[in-house]
Amino acid sequence: MRFVVPFVAGLATVGTAAAVPSFPLDRELRVVAVDGQSVTGRMPTFVVRGEGGVLTGSGSTACNRWSAAIALGGADGLAVGPVRTTRMACAGDATETERAFLAALQRVNRWRYEGSVLVLE
């Protein structure tokens with residue numbers, strides 16, 4: 001999945017010889033592609049928040065709301081726990097976008113940047 005991350009240069013970790021990008025916490029990201037396919041219409045969103053040492057992810061599936069436990073590990077590890085969603089009826093392309101997004105979200109195990117784009121793989 002590809003996510004839009006504005007101002008990536010501002011996400012560098014301070015105190016290292018070379019600036020190392022960190023995972024963007026507390027920033028709502030828009031999904032621009034899932035499994036190599038550009039998202040058209042309403043875009044899913046993804047935000048990871050940290051509170052009390054616990055990370056949670058949430059956002060929109062393009063139709064419903066989703067949430068899950070998130071774990072970051074190592075330099076680029078990312079795990080998404082079981083995903084919970086609301087159950088509203090979806091219309092048109094939103095149904096397929098939601099299905100593809102949720103399936104891809106469950107497969108994510110690492111993250112990286114390509115320029116100013118956050119890629120979850």
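Trp-111 is buried, at a relative accessible area of 8%, where buried means under 20% relative accessible area, exposed over 50% and partly exposed in between (1.4 Å probe, protein chains only). This is a predicted model, in which local features need pLDDT of at least 70 and side-chain atom pairs count only at pLDDT 80 or more, while totals for chains, interfaces and linings use all residues. Residues are numbered from 1 along each chain as its sequence is written, and side-chain values use heavy atoms, with hydrogens and water left out.

**Aromatic residues**

- Rings of Phe, Tyr and Trp (its six-membered ring) pair if their centres lie within 6.5 Å, with planes under 30 degrees apart counted as stacked, over 60 as edge-to-face and the rest as tilted; by this rule there are four aromatic pairs.
- One of them joins Trp-111 to Tyr-113 in an edge-to-face arrangement, with 5.7 Å centre to centre and 85° between the planes.
- Tyr-113 also counts as buried, at 16% relative accessibility, and ring pairs link Phe-23, Trp-111 and Tyr-113 into a cluster.

**Overall make-up of the chain**

- Of the 121 residues in the protein chain, 37% are buried, and the chain exposes about 6,700 Å², of which carbon and sulfur atoms supply 56% (areas by the Shrake-Rupley method with a 1.4 Å probe; for residues, only the protein chains shown count as cover).
- With contact meaning heavy atoms within 4.5 Å, residues 24 or more positions apart account for 47% of the contacts in the protein chain that have a separation of 6 or more.

**Strand pairing around S6**

- Two strands pair if DSSP finds at least two bridges between them, and strand S4 (residues 29-34) pairs with strand S6 (residues 45-51) in the antiparallel sense over two bridges, with Leu-29 opposite Phe-46 in S6.
- S6 pairs also with strand S7 (residues 54-60), again in the antiparallel sense, over five bridges, and here Arg-49 stands opposite Thr-56 in S7.
- The hairpin of S6 and S7 has two residues between the strands, and in this hairpin Gly-52 takes a positive phi near 60°.

**Salt bridges**

- Side chains of opposite charge can pair when their charged atoms come close.
- With a salt bridge defined as a side-chain nitrogen of Lys or Arg within 4 Å of a carboxyl oxygen of Asp or Glu, a search of the whole structure finds seven salt bridges.
- Among them, the side chains of Arg-49 and Asp-26 meet at 3.9 Å, N to O; Arg-49 lies in strand S6 and Asp-26 in the loop between strand S3 (20-21) and S4, so the pair ties together parts that are 23 residues apart in sequence.
- Arg-49 is partly exposed, with a relative accessible area of 42%, and Asp-26 likewise counts as partly exposed, at 46% relative accessibility.
- Within helix H1, Arg-99 and Glu-96 lie three residues apart, about one turn of the helix, and their side chains form a salt bridge of 2.5 Å, N to O; Glu-96 counts as partly exposed at 45% relative accessibility.
- The side chains of Arg-112 and Glu-121 meet in a salt bridge of 2.8 Å, N to O, with Arg-112 partly exposed at a relative accessible area of 25% and Glu-121 partly exposed at 31%.
- A network of salt bridges links Asp-76, Arg-110, Arg-112, Glu-114 and Glu-121.

- Asn-64, in the loop between S7 and strand S8 (65-73), is buried, with a relative accessible area of 2%.
- A polar contact is a pair of N or O atoms within 3.5 Å; within protein, one must be able to donate a hydrogen and the other to accept it, and residues adjacent in sequence count only if both atoms are side-chain atoms.
- The side chain of Asn-64 makes such contacts with the side chains of Thr-86, at 2.9 Å, and Glu-98, at 2.8 Å.
- Not counting residues up to four places away in sequence, Asn-64 touches Gly-59, Thr-86, Arg-87, Met-88, Cys-90 and Glu-98.
- Thr-97, in helix H1 (residues 93-107), is buried at a relative accessible area of 14%, and its contacts beyond four places in sequence are with Val-39, Thr-40, Arg-42, Pro-44, Thr-61 and Ala-62.
- The C-alpha atoms of Thr-97 and Pro-44 are separated by 7.9 Å, although these residues are 53 residues apart along the chain.

Methods
Helices (H or I, at least four residues) and strands (E, at least two) are DSSP runs, numbered from the N terminus.
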